[in-house]
Amino acid sequence: MPDLVLHVLAGAAVGFAIGLTGIGGGSLMTPLLLLFGYPLPVAIGTDLLYAAVTKAGGMVAHARRGNVVWPVMGRLAAGSVPASLATAALLHFAFGDASAYAPLLNSALGVMLLATAAAVLLRGRLQPAGGAATERRGAPAATVATGVLLGACVTLSSVGAGAFGAAVLLWLYPRLAGVRVVGTDIAHAVPLTLVAGLGHLALGNVDFGLLAALLVGSLPAIALGARVGDRLPESVVRPALALLLASLGLRFALA
């Protein structure tokens, strides 16, 4: 019972962070689960399915408001879903045992946490104020290529589908409104994290009891975090989050 309460509270804490900043699913949950003593493959696999469920509600909400650019989302998914499946297959056939590929997952987690921290800090500088083209030259092909990168990295680390994906979209589509970048990024994260999570499920890396406890805590906390986030200055929240992610990233990248 104490473990159950702790897991519900952990879900609430990460859910609150997601609502507060729009970031934090994989980048905060996986390190937290490692702190609780879960093996890295189980932490990543469980977190991926957790992200798929929590982001599904956000996708529906953004889709109803017309904030999802479906062609862009489709390009991302065209690259990410096959890449995720291929990455999960590679883990199974090239390594076999979870202990054999755990070091690879650890390094990927560190690198993606650092990349996410950089994306959080640079986000405001990636989108020009005006006069830019609707999309950069080669944006469609680059979007598919970005999907391939995200598919592999998210499957290996559970991190990157949020802030990192949004930062790339801001760069590739300079005139796309911020709310549509977020909506498209969240919509793409749902199939990506679901496919990646199912890949880890096939590898035996998902704890359903833990997943249920995390969801019980996080779903109401996301709404609370969103309300509080409206009252906090972004100039304070984002640098603090970036510092936390960078610290965690260095911890895993250098392990």
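**Figure 1. The order of elements along the chain.** From the N terminus on, the elements of this predicted model run α-α-α-α-α-α-α-α-α-α, which comes to 10 helices and 0 strands. Helices (H or I, at least four residues) and strands (E, at least two) are DSSP runs, numbered from the N terminus. Residues are numbered from 1 along each chain as its sequence is written. As this is a predicted model, local features need pLDDT of at least 70 and side-chain atom pairs count only at pLDDT 80 or more, while totals for chains, interfaces and linings use all residues; side-chain values use heavy atoms, with hydrogens and water left out.

**Figure 2. Confidence and overall packing.** The average pLDDT (the predictor's confidence in each residue, from 0 to 100) is 83 for the protein, and 83% of the residues score at least 70. Confidence is highest in helix H4 (residues 70-95), at a mean of 95, and lowest in helix H10 (residues 234-253), at 66. A friendly reminder: where pLDDT is low, the predicted coordinates should not be read in detail. Of the 255 residues, 51% are buried; buried means under 20% relative accessible area, exposed means over 50%, and partly exposed is in between (1.4 Å probe, protein chains only). Among contacts (heavy atoms within 4.5 Å) with a separation of 6 or more, 85% join residues 24 or more positions apart. The accessible surface comes to about 11,300 Å², and 69% of that belongs to carbon and sulfur atoms. Accessible areas come from the Shrake-Rupley method with a 1.4 Å probe, and for residues only the protein chains shown count as cover.

**Figure 3. Helix H6, seen along its length.** H6 (residues 139-157) has 19 residues and reaches 26 Å from its first C-alpha to its last, close to the 27 Å expected at 1.5 Å a residue. That expected span is 1.5 Å times one less than the number of residues in the helix. Buried residues of H6 include Ala-139, Thr-143, Gly-147, Leu-150, Cys-153 and Ser-157.

Figure 4. Look for Ser-158 in the loop between H6 and H7. Ser-158 has a positive phi of about 70° although it is not a glycine. Most residues other than glycine have a negative phi. With a relative accessible area of 7%, Ser-158 is buried. Not counting residues up to four places away in sequence, Ser-158 touches Gly-26, Thr-30, Ile-44, Asp-47, Leu-48 and Cys-153. Of these, Ile-44 is 114 residues away along the chain, yet its C-alpha is 5.6 Å from that of Ser-158.

Figure 5. Among the buried residues are Phe-164, Gly-165, Val-168, Leu-169 and Leu-172.

**Figure 6. Arg-75 and its partners.** Arg-75 is found in helix H4 and is partly exposed, with a relative accessible area of 24%. Leaving aside neighbours within four places in sequence, Arg-75 is in contact with Glu-135, Pro-140, Thr-143, Val-144 and Tyr-173.

Figure 7. Leu-6 lies in helix H1 (residues 2-21) and is partly exposed, at a relative accessible area of 39%. Leu-6 and Ala-213 are 207 residues apart in sequence and 8.8 Å apart in space, C-alpha to C-alpha. Ala-223, in helix H9 (residues 208-229), is partly exposed, at 44%. Ala-223 and Phe-16 are 207 residues apart in sequence and 7.5 Å apart in space, C-alpha to C-alpha.

Figure 8. Leu-194, Leu-198, Leu-201 and Phe-208 make a nonpolar surface patch of about 340 Å². Patches are made of residues with over 30% relative accessible area and no salt bridge, with like charges joined within 9 Å and nonpolar side chains (Val, Leu, Ile, Met, Phe, Trp, Tyr) within 5 Å. A salt bridge is a side-chain nitrogen of Lys or Arg within 4 Å of a carboxyl oxygen of Asp or Glu. The largest share of the patch, 3 residues, comes from helix H8 (residues 178-202). Leu-198 lies in H8 and is partly exposed, with a relative accessible area of 42%.
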